[in-house]
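Dear colleague,

Please find below the structure that I am handing over to you. My notes on what was found in it follow directly after.

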Amino acid sequence: MDRKRSNQIALISIRIFSAVSIAILIVILGYLLFRGLRYSNRKEIKVIPIASINNEFNVYANKSAKLDYLDWFTLQSMAMGRVRTLRTISKVNEKFHLYIDPRVSDQFYSYLATDKLDKFIIKDSTAINYKEDKGGMIVLPITESAPSGYRSIKIYDNVVVVNKEVTQLLNNKKIGAVTLTQIEELKNNKIDNWNSLNGPSLKPDFIANASESELANNPGSISIVKAKEYSMMKNVETLDVVNIESGWNISLDYLLSNSEESGSFGGIFSIIVNTLIMIFLVILISTPIGLGAAVYLSQYAKKGRITTIIRSGIDLLAGVPSIIFGLFGMLVFVQLFGWSFSLISGSLTLSLMILPTIIRTSEESINSVDKNMISASRGLGATKIETIFKIVLPAAKNGIVTGIILAVGRALGETAALVFTIGSSTDIASKLTSSSRVLAQHIYLTIIEGQSIDHAFSAALVLIILELIINTTAKKLMNKGKKNGK
Amino acid sequence: MRNKSIKIRKRLESSSRVFLLLCGAISVFTVILITIFIVQQGLPTFKTVPIKEFLFSTDWSPSADIPHYGVASFVVASIEVTLLSMIFALPIALSSAIYLSEFAKGRFAKILRSGIELLAGIPSIIYGLFGIAVVVPFVRNFIGGNGYSLLSASIILAIMILPTIINFSEVSIKAVPDELKAASIAMGATTWQTIYRVTVPSALSGIVSSIILALGRAIGETTAVVLVGGNAPIFSTNPIDMGRTLTMNIITDMSYAEGVHMSALFATAMLLFIFILLLNLIVVAIMRKERLDG
């Protein structure tokens, strides 16, 4: 009875542990898919992220500007000429221009509480072709509809203002950003004390449309006012509001546009092209050598010292860590041969690295070729090398291609061997000696340079999809080879 | 005329033989050249840094006024990370290997097998990215420290070495003759008793080889660990602290190192290479013993 039970327990735990490896895989792939496709960032902004209605004018931006909303404060600095590029606002590397229809310019500037700056105003809306301006934004009367290629921009201009005591630092605690639900609760007096939001021990007192003096004199008071009114208040504080921004992380545009400024802007097209060139070079270099070695080992090598040395050389090479290949490539191809950090240095390094994979799989499939076929060919008078080219290699084709594909998969995901050999330029490589960046390394550099991790995830999704395609192709070929063998 | 073509064919035959031999020899040359180049660049370190200080000092401060080049903390971190990852990986890997070789029937086995293939195909940089986004916050919130730690690095490594252990162990467990197992069952042993008294001990040398191969992979891994390990050149054996392994040291400092600092990095690579070589030699020895026993 006891033995049976322990047997059961052991077998069940074997099953559970094996299931863990599947679970790990699902978690990794699922997470990559999730983060690669969508981004979702928590931001703390100065305004309530709810669009307010304006009866006088509408703001439109060029679709390429990738603007969705603007807060009043940003719009103000844009209108005052303090913002010259969209880099910090919408992560698009475009110069920013503002066009204002003269019919609404007074209303627009009064809304933003700034002086009129004449240089922005379009006197005749056909005179300047603002539609071509990728970083363009235009303010039009509410009667006009959206210009083609432009889309409407939501303006957030409600600010949460509180009495100064609410935001004081107490016992190393300070009230943080509030969420929309919390604002609703504050409005309906459902929150009894500021300390439940990490604030001081005061009762929140919501005053609709409060004036500055009302807020300044009532400890614990809170109100929501227009940003323009707030900009004239001095004795109040604001509360930041949590805004969750989300959207597609990967798009056709991202896949098809070139990378700019080390990948901070633009897409990854040039990087994908470089990756493909590198893979092509690696196959070109390593296949003849690897295949040659496999043919030698399977058809020519006799038992003896040379064969043992070659075999242990291949085993050792397979065990060398990629970082050491990287150092070797740097010393030999980059420095000794003077090819600097370049496509060819990186490709040669990777070619050496994947040799063992190609040799082993090719040798295995060459060995499984029917010996009678070889004998028949030799018996008919063909030389050994003729037999190899006409009989052995065609018969072992599937296995060899599978080996090459698996090796390419390894080269595609390699980073450490490339960091010191291939360079980092995001342009499409024009010659063998030009510095270039490939996908896996792009992910590494993006993280190391501290760029947004969303960029890394979208590139990672592309890389993992390529790897999956390679793996399934290899597997299909392998199965086909097995079937043909039978 | 006919004679001539035979001559050409013979010449082609002998020259192709030489060419193929050369192809085979390239791997050997590469290993030799790698060794020569790394040693040639690494050895000058010991002109200025005593070898004892290099190996046993935990002070790595190459940019200080009086620079110190001690890699002991990196050696300890490398070993610690590798062993920890093995502890995490072993139960899962061995169970999967036993399952695949002993009970592998039906849909679950198929899924498990392709899952492990996929796991092996995921690039290390992606494991690193996953580590930053998932493992680091997990360690920070549930275990402690700031998350970037040797522990996080070990967890990521454990996942990475799963396929290596599973694939190699499965082969050697499968190679255990069925008669042995049948005899054990016939004697009244349960399935589990047969597995851990008969099957696993018979396949032990293969399992150990797979473990050592995986250790080699873990100790040589760079990009995944550098992203999650914290990369601080300090000495600490607490796994939730930030740490730096040998490979992390090479990849981090190489971009700006000069002079002695540079050769100290190559000496670090030498050390790593020696570790890998030792592990490989152990595998070769086990295999040879296996062959003699068999």
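Two residues are in contact when heavy atoms of theirs lie within 4.5 Å. On that basis, among the contacts in chain A with a separation of 6 or more, 71% are between residues 24 or more positions apart. Please note that this is a predicted model.

I begin with the overall form of chain A. Its C-alpha atoms fill a box of roughly 105 × 80 × 45 Å along the principal axes. The radius of gyration is 33 Å, whereas a compact globule of 486 residues would have one near 23 Å. Chain A contains 18 helices and 14 strands. Of its 486 residues, 51% count as buried.

The next point is the contact between the two chains. On one side 77 residues of chain A take part, and on the other 74 residues of chain B. Together the chains bury about 6500 Å² between them, with 81% of this area on carbon and sulfur atoms. Within chain B, the residues that lose the most area to chain A are B:Leu20, B:Ile125 and B:Leu129, which together make up 9% of what that side buries.

Chain A also holds an open sheet of four strands, in the order S4-S5-S2-S6 and with mixed pairing. Strands S4 (97-100) and S6 (150-152) stand at its edges; each has a single partner strand, so one side of each is left without a neighbour in the sheet. On average, neighbouring strands of this sheet are turned by 25° against each other, direction ignored. In general, strands of a sheet pair through backbone hydrogen bonds, either parallel or antiparallel. Strand S2 (residues 57-62) of chain A runs antiparallel to S6(A), and three bridges join the two. In one pairing, A:Ala61 has A:Arg151 of S6(A) as its bridge partner.

Finally, I would draw your attention to helix H17 (residues 439-448) of chain A. Nine of its 10 residues are buried, so the helix is largely enclosed by the rest of the structure. Buried here means under 20% relative accessible area. Just after H17(A), A:Gly450 takes a positive phi of about 75°.

Yours sincerely

Key: Residues numbered from 1 in each chain as written. Chains lettered and ligands numbered in written order. Predicted model: local features only at pLDDT ≥ 70, side-chain atom pairs only at ≥ 80, totals over all residues. Heavy atoms only, no water. Pairing = 2+ DSSP bridges. Axes fitted to C-alpha atoms, helices over the stretch in contact; angles between N-to-C directions. Rg over C-alpha atoms; globule rule 2.2 N^0.38 Å. Buried < 20%, exposed > 50% of the residue type's maximum accessible area, 1.4 Å probe, protein only. Buried area = accessible area lost by both parts, 1.4 Å probe.
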